[in-house]
Amino acid sequence: MEENDSHRAIEAIWRIESARLIGAIARIVRDAGLAEELAQDALVAALEQWPDSGIPRNPAAWLMTAAKHRALDHLRRNKRIQTKHEELGRDLEARQRMAAADLDDALDDDIGDNLLRLIFTACHPVLTPEARVALTLRLLGGLTTAEIARAFLVAEPALAQRIVRAKRTLTERQVPFEVPRGEELANRLSSVFEVIYLIFNEGYTATAGEDWMRVALCEDALRLGRMLASLAPDEPEVHGLAALMEIQASRSRARVSHLGEPILLLAQNRALWDQLLIHRGLAALERSLALGGARGRYTLQAAIAACHARARVAEETDWARIAALYAELAAVAPSPVVELNRAVAVSMASGPLAGLNLVDALLLEPSLENYHLLPSVRGDLLAKLGRLEEARIEFERAAALTGNLRERAFLVNRAKLMKIP
Amino acid sequence: MRFMMLMLPKGYENAAPGTLPDLKAIATMRKYNEDLGKAGVLLALDGVHPPSMGARVTFSGGKAQVTDGPFAEAKEVFGGFWILQVKSREEAIEWAMRCPASDNETIEIRQVIEFTDFPAEVQAEMQKAFGEPS
């Protein structure tokens, strides 16, 4: 095997094994950051040895053994340091026996539990959102620092620093390597969802012409979401999030032109929507709904996305249902942006005037002051009502507010078209 | 990127109608499929009945002709497929290598053509054409 080929093969094995490896080692050393370094050491050993010796028959077991040895060495070294302190040096032998027993437990332990512990740790609220995202992709997505840096348009040393700081924070704050229980679970789960959805959206807003690493973030997020769905199958929102991402990803071929221009949902060629992903999304939504309970924000957004996915042509869209789902979403997760979306749905279901009344109620909303979609939506509704002069002003305002060049060109053009023929 | 893993079991080209894998093979394969699912890489999978239950439609001079299976000239036929979403060709190969397949089975790995593999003009044309249900 060529050296490059074997390096690529080892990278692929790492991608598959790293999370399980880090999870098992973290269970032993009780420190996710340290576990990642020990697992990395095992990878380095593989990269040194395998190109000559060939890839072992069971590379996963090889890496696990190598990482486990490093973890044990680390524990022994720590113990030696500890024995120098009298109060800790008493029953070294018993402790070592315990460590060995712990270790076997950890390795026999359900892989899934360790992965869950790892995901909760990487998404811990003591970390900044950026740190959670980077650490999740590193520890669970098997991405390299260079890959994450490229995907987020950050310099590699800066991203490496971000990860180092995140690991240090976890150690300093003594974040336990555990799955949270009871009341804490809901909060911690929502942090996990937030991180995965952030990763997804980072890829979703990247345009087709951009670096494929950015676009691939959607696939990384989907992979994490599917993984989480099999790790915590009793949580309705886990399936809601997976459903939302699957359905949104189903439109990726249709939603951006090859020039990077956005194609609006209603103008998309639905024949390009990926039916496999739609099918998977609808199935995940079914699972979420079947688990019952109050419908959360991801399940509701998935239900809205499903309304679009089920309509074979834009004219068949069930806008009344979408408007009702937005009202439910606004109750669960109130936000002016949700309210703006509800206004659009209401306008489609009950006419532009009904929508405009809802939009006008948002005009004094401070958080939307610089949000280009507010004047853009308002302009659209005014245009439908034949109030072209007012519409033109709104489109111009929207054009001035957007940071996206393609979108600005689109809005400037719409403003120009607002003339009485 | 997506890859299709095609399972090519030797002898399947001549298998009698209704031939199914034995229970033990199903159990080991189920574990493998679960692992693919847990890793978040599995998009779809299915098995297909042997060619003796199928047919071939061949085209010549604008005319279609139907031949019932089994097909005398077929040396290998596929018996099932998986569709995986992975980061690289090497990752697809690594997953295939972990399949608990038996001695007379081969897995062929083929990359799925993505929309963005087409030239820009073709993409634009496909996005324009309005999706009337066909």
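Me: Which hand does the crossing of α17(A) and α18(A) have?

Reply: The crossing of α17(A) and α18(A) is left-handed. This is a predicted model.

Me: Why are α17(A) and α18(A) called roughly antiparallel?

Reply: Helix α17 (residues 352–360) of chain A packs against helix α18 (residues 373–384) of chain A at about 150°. Angles over 145 degrees count as roughly antiparallel. The pair is therefore roughly antiparallel. The axes lie 9 Å apart.

Me: What makes the contact of α17(A) with α18(A)?

Reply: α17(A) supplies A:P352, A:G355, A:L356 and A:V359. α18(A) supplies A:V377, A:R378, A:L381 and A:K384. Five of these residues are nonpolar, one is polar and two are charged.

Me: What makes β2 and β6 of chain B edge strands?

Reply: The open sheet has four strands in the order β2-β5-β1-β6 (chain B), paired antiparallel. β2 (42–47) and β6 (105–111) each pair on one side only. The twist averages 15° from one strand to the next.

Me: How do you know that β2(B) pairs with β5(B)?

Reply: Five bridges join β2(B) to β5 (residues 80–85) of chain B. Pairing needs at least two bridges, so these strands pair. They run antiparallel. In β5(B), B:G80 is the bridge partner of B:G47.

Me: Which helix packs on this sheet, and which strands does the helix touch?

Reply: Helix α2 (residues 89–97) of chain B does, touching β1 (2–9), β5 and β6 of chain B. Its direction makes about 160° with that of β6(B).

Key. Residues are numbered from 1 along each chain as its sequence is written. Chains are lettered from A and ligands numbered from 1 in the order in which they are written. This is a predicted model: local features need pLDDT of at least 70, side-chain atom pairs count only at pLDDT 80 or more; totals for chains, interfaces and linings use all residues. Axes are lines fitted to C-alpha atoms, for helices over the stretch in contact, and angles run from 0 to 180 degrees between N-to-C directions. Angles under 35 degrees count as roughly parallel, over 145 as roughly antiparallel, 65 to 115 as roughly perpendicular and the rest as oblique. A crossing is left-handed if the near helix is turned anticlockwise from the far one by less than a right angle, and right-handed if clockwise. Two residues are in contact if their C-beta atoms, placed from the backbone, lie within 7 Å. Ala, Val, Leu, Ile, Met, Phe, Trp, Tyr, Cys and Pro count as nonpolar, Asp, Glu, Lys and Arg as charged, and the others, Gly among them, as polar.
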